[in-house]
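Please keep the sequence and the coordinates at hand while reading.

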Amino acid sequence: MCGIAGIARQSPTGVTVDSLGRMAAAIRHRGPDGYGFYVGQRVGLAHVRLSIIDIEGGAQPLTNEDGQIVVSYNGEIYNHLELRRQLEERGHVFRTHCDTEVLVHGYEEWGADVLHRLNGQFAFAIYDRNRETVFVARDRFGVRPLFYAQRNGDFYFGSEIKAILATGEVDAALDPRGLDEVLTFWSARPPRTPFSGIASLEPGTYGIWKDGALWLRHYYELDYPEASEEPEDVVEQLDEIMLRSVGMRMRADVPVGAYVSGGLDSSITASLAATASPHTLRSFSIAFDDPRFDESVFQREVADAVGSIHEVTSIGSQSIAESFPKVLWHTETPLLRTAPVPMYHLARLTKQSGIKVVLTGEGADELFLGYDLFKEVSVRRFCMRRPESLNRQRLFDRLYPYLSQQGRGGEFWRRFFLEAGQPSDPLFSHLPRFLLSSRIKEFYTPEFRRGLGGMDVIAELRASLPTRFFAWSPLNRAAYLEMTTLLSPYLLSSQGDRMAMAHGVEGRFPFLDHRLFEFAAALPTGSRLRGLREKEILRRWASRVLSPRIKGRGKQSYRAPDAPSFFASGSPEWIGDHLTPDALRRVGIFSPPAVGGLLRRCRAGLATGFRENQAIVGVLSTQLWHHQFIESAHTVAPLPISNASVFLSDGAAVPT
Amino acid sequence: MQTTESEVTPGISETAIISSVRAFVRENFLYMMPEFELADDDRLLEKGVVDSMGISEMISFIEAEFGVFAAEEEISEANFGSLRAIARFVASRQRFAVG
């Protein structure tokens, strides 16, 4: 796993080594093992390397035999061995054992169609000197990030936005619409970001830049061709795909570890990794001081069962508050939850333990309908068919026991789910979440609200849904929305790639193999969610690899303490500094009296509901984000050319 | 529901109860929207004034302020759905206790 960056000029005026050095320096954390540059009159590429495959020979940028195809690539192509054989049969000569070279020759052989043959997680840029084009692409589910900006015909791109800002040629400015999406969906929806004029390449998309114009195309789109019955050999099929998916993701020239959450999904990946690993598996977990969030007993049980050497990072309120600014620097977006912070600490522990690749369980809940949100869809629909039935409404007590017990909400808390949208609304499944998050906007200043001009990001999402969406079942619609609005732009990014890569750790996700997605999407929804039993088919199959106790364990949502983290005694002073009326007025997004009221309640320990917890994290993180990215200069010392592992040029004099 | 005369604050009118609860709601749930106009019959949940945690907090306030107790099954739209509903509920309990 690595970081990439680059600039393409409309006119061949050159890309300076200094610019590329600054871009690389801004994302050095993604690739601490080396770096390299390609410098040309039209295009410059930078690469920072986390060496995992072909430690000796895999430095980048890499070219084909005649130097006309140059690639800077971040990610893993898990089927590189199979593709290499195919390409060798067609006459391609390989110089390295690295998956990067498969991409170079694959592009030569198949052009953009190479993307359909890749099984992996990647983002890359290929400079085709013959065609004078830059070909950029991102994996199917958006595991690896790629951002870009266009200014005056020039094209800037990077694994993280800070690489683009480091050029000094792209200004950092707030996109109010991007922020409004963050405060609705927990993340801006690609291509939008919170930065004006800086876009995120959508998952499953590629772009071709030529002569100052960028042409975009989706090469992979989610579909749910749900069957009415399971295939007879459904468990065998799942077994074959899972074993192959994990097996391919164990391919590395360094030891592969595993994250263990205590739930079913990471127990499966850890168990299969332990079996496939030539070493004793190293596993890593998060423990919370607060027992309401802690699952360390279950994590230990899983580690014992798979025989791993297990390490734990303990998270308290103070560690969340102290790390929050650094975490935001890496997420590059305001947050509504503190949940990324423990992931940041977990990656640090992993790296300190000498492991730089981990398997994790992300994706299983989206593919196999594991989240409570999916059950909530079923229960809400069931209740709405007989709204007068209190017995039906009591299903919410089973679904959310911690909500039904934590306060005296009577019938009110159930009514929330019943009044947030009708089944005829295409966004029915997600409206409770979207509407709850949107309450933060009540803290906007009137001026900021007016500036949005009545924009409705929920209506925009509704209008953007593909035609095929309306042919899917309610649960598959919910799964699609979860994949596109949360998994890729938030979970895989703010909680995934950014937290792991902050410490140079690569996450690998066996459940996000596209073959597994296509298998799951074609199953009857009843095979995935049967009544209120989630991941039914996965549990049926998991008896082959897990003990009954672990296999049968229910889902506990991963959460971390929010508001209390920032208001415990001994909290850092910067928290108050960013929330003063002056600081709020300077940024101009949130109303000082409104935030004053929120602070009063937080300090009194009264902000216990989702609404105010999300509000304080949202306001604080927006203020911090604004301070770090919009108000501060993006000066960074360039990585020196003298220490580069690779330095290539187009043969012209190298601009400095 | 069980109350004794000593636990209640008898003689408070529905108007006074509404005024007191409205002040509490403004202070704790509408502090970010000072321009929000809350009518006596507005549905608190539907209008987004309170959420389920807010209801719980509001009931604790009402119990402490007016010396009444609401059983779980009484925490309903009919009794706590609006300022007027709350006032009627509290007043009825006060009358019951006093009388």
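In this predicted model, helix 9 of chain A, residues 296–306, lies across strand 14 and strand 15 of chain A, and its direction makes an angle of about 170° with that of strand 14 of chain A. Strand 14 of chain A, which covers residues 282–288, pairs with strand 15 of chain A in the parallel sense over seven bridges. Within this pairing, A:Ala287 stands opposite A:Ser314, a residue of strand 15 of chain A.

Both strands belong to an open sheet of five strands in chain A, ordered 15-14-13-16-17, in which the pairing is parallel. The edges of the sheet are formed by strand 15 (309–315) and strand 17 (506–508) of chain A, each of which pairs on one side only. On average, and with direction ignored, neighbouring strands of this sheet are turned by 30° against each other. A further helix of chain A, helix 11 (residues 340–352), lies across strand 13 (257–259), strand 14, strand 15 and strand 16 (357–359) of chain A, and runs at about 140° to strand 15 of chain A.

The next pair to consider consists of two helices. Helix 7 (residues 234–249) and helix 8 (residues 264–276) of chain A have axes that come within 10 Å and cross at roughly 65°, and the crossing of helix 7 of chain A and helix 8 of chain A is right-handed. Helix 7 of chain A contributes A:Met242, A:Leu243, A:Val246 and A:Gly247 to the contact, while helix 8 of chain A contributes A:Thr269, A:Leu272, A:Ala273 and A:Ala276. By class, the residues of the contact of helix 7 with helix 8 of chain A are six nonpolar, two polar and no charged.

| Domain of chain A | Residues |
|---|---|
| domain 1 | 2–221 |
| domain 2 | 234–362 + 492–551 |
| domain 3 | 372–483 |
| domain 4 | 563–631 |

Taken over C-alpha atoms, the centres of domain 1 and domain 2 of chain A are separated by 27 Å. Between these two domains, 27 residues of domain 1 of chain A are in contact with 25 residues of domain 2 of chain A. On the domain 1 side, the elements giving two or more residues are helix 5 (161–165) and helix 6 (176–185) of chain A, and the residues of that side divide into 15 nonpolar, five polar and seven charged.

Which elements of chain A give two or more residues to the side that touches chain B? With 20 residues of chain A in contact with 17 residues of chain B, these elements are helix 17 (412–419) and helix 30 (592–603) of chain A. Helix 17 of chain A supplies the largest share of that side, namely five residues, and by class the side of chain A that touches chain B has six nonpolar, seven polar and seven charged residues. Within helix 17 of chain A, the residues A:Phe412, A:Trp413, A:Arg414, A:Arg415 and A:Phe417 are buried, and just after this helix A:Gly421 takes a positive phi of about 95°.

Chain B itself comes to four helices and zero strands, its elements running α-α-α-α from the N terminus on. Of the 99 residues in chain B, 36% are buried. Among the contacts in chain B with a separation of 6 or more, 72% are accounted for by residues 24 or more positions apart.

Methods. Residues are numbered from 1 along each chain as its sequence is written. Chains are lettered from A and ligands numbered from 1 in the order in which they are written. This is a predicted model: local features need pLDDT of at least 70, side-chain atom pairs count only at pLDDT 80 or more; totals for chains, interfaces and linings use all residues. Two residues are in contact if their C-beta atoms, placed from the backbone, lie within 7 Å. Ala, Val, Leu, Ile, Met, Phe, Trp, Tyr, Cys and Pro count as nonpolar, Asp, Glu, Lys and Arg as charged, and the others, Gly among them, as polar. Two strands pair if DSSP finds at least two bridges between them. Axes are lines fitted to C-alpha atoms, for helices over the stretch in contact, and angles run from 0 to 180 degrees between N-to-C directions. A residue is buried if 20 or more other C-beta atoms lie within 10 Å of its own, exposed if 12 or fewer, and partly exposed in between; C-beta atoms are placed from the backbone. Domain bounds come from an automatic or database domain assignment. A crossing is left-handed if the near helix is turned anticlockwise from the far one by less than a right angle, and right-handed if clockwise.
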